[in-house]
Amino acid sequence: MRTIDFYYGIGSRYSYLAHSQIAGLERDFGVAVRWFPLHSADLMRAAGRTPFDGPAASMQYEPAYRSADAARWAELYGIPYSEPDWAAIDFRRVNLAAVAAAAQADPAAYSRQLFARSYGEGARSFDDAGLATLAQAAGLDGARLVAEIDSPETHARHHATLEAARSVGVFGVPSFVICGEVFWGNDRIVLLRHHLAG
């Protein structure tokens, strides 16, 4: 069975959109997708550049445009979309919670819970109690997960994921990697499908 590595961030609206298409990829092409959560700002800063520091590098990075664009994609996919409270949520910590989940199980189920809360419901906040509750709903030990978010082990796992992503040419999220080829962005899933079909 072919495997696809999915690098994503919970704080990325386009990762939310892309994750909704994974079940279809697995069903249609008989592939297995491996989930690797990371904090995308750390990935970009490791490369020495990010379009999100300072004024928007171009109109495509303007928050209002990205929100409208994501809503259009969500409508196409038939999934809910509601903006989270970006200013109130520490998405770096939420991403590290997803990383911590990998110490207990495949982080996919927990990440789906985090995505649903963030964009399906339009999260207003994410405290540790909420992170633990979602972990329990995903079949994890919520108290253990919260206790491990700030642990050296979780940070080491996150660093290893960043380095693995960079080593194969990943520069942003969401990215799908198969046989050394990187397909970056929710809008490249059509190209990924074409590649898998070939």
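**Exercise 1. Explain why helices α2 and α10 count as roughly parallel to each other.**

*Solution.* Before we start: this is a predicted model, where local features need pLDDT of at least 70, side-chain atom pairs count only at pLDDT 80 or more, and totals for chains, interfaces and linings use all residues. Residues are numbered from 1 along each chain as its sequence is written, and side-chain values use heavy atoms, leaving out hydrogens and water.

Step 1: find the helices, which are DSSP runs of H or I with at least four residues, numbered from the N terminus. Helix α2 spans residues 22–29 and helix α10 residues 189–197.

Step 2: take the angle, which runs from 0 to 180 degrees between N-to-C directions of axes fitted to C-alpha atoms over the stretch in contact. For α2 and α10 it is about 15°, with the axes 11 Å apart.

Step 3: apply the cut-off. Angles under 35 degrees count as roughly parallel, and α2 and α10 are therefore roughly parallel.

**Exercise 2. Which strands are the edge strands of the sheet?**

*Solution.* Step 1: strands are DSSP runs of E with at least two residues, and two strands pair if DSSP finds at least two bridges between them.

Step 2: write down the order. Four strands form an open sheet, β2-β1-β3-β4, with mixed pairing.

Step 3: look for strands that pair on one side only; these are β2 (32–37) and β4 (181–184).

**Exercise 3. In what sense do β1 and β3 pair?**

*Solution.* Step 1: locate β1 at residues 3–8 and β3 at residues 175–178.

Step 2: they pair in the antiparallel sense, over three bridges. Tyr7 has Ser175 of β3 as its bridge partner.

Notes: Angles under 35 degrees count as roughly parallel, over 145 as roughly antiparallel, 65 to 115 as roughly perpendicular and the rest as oblique.
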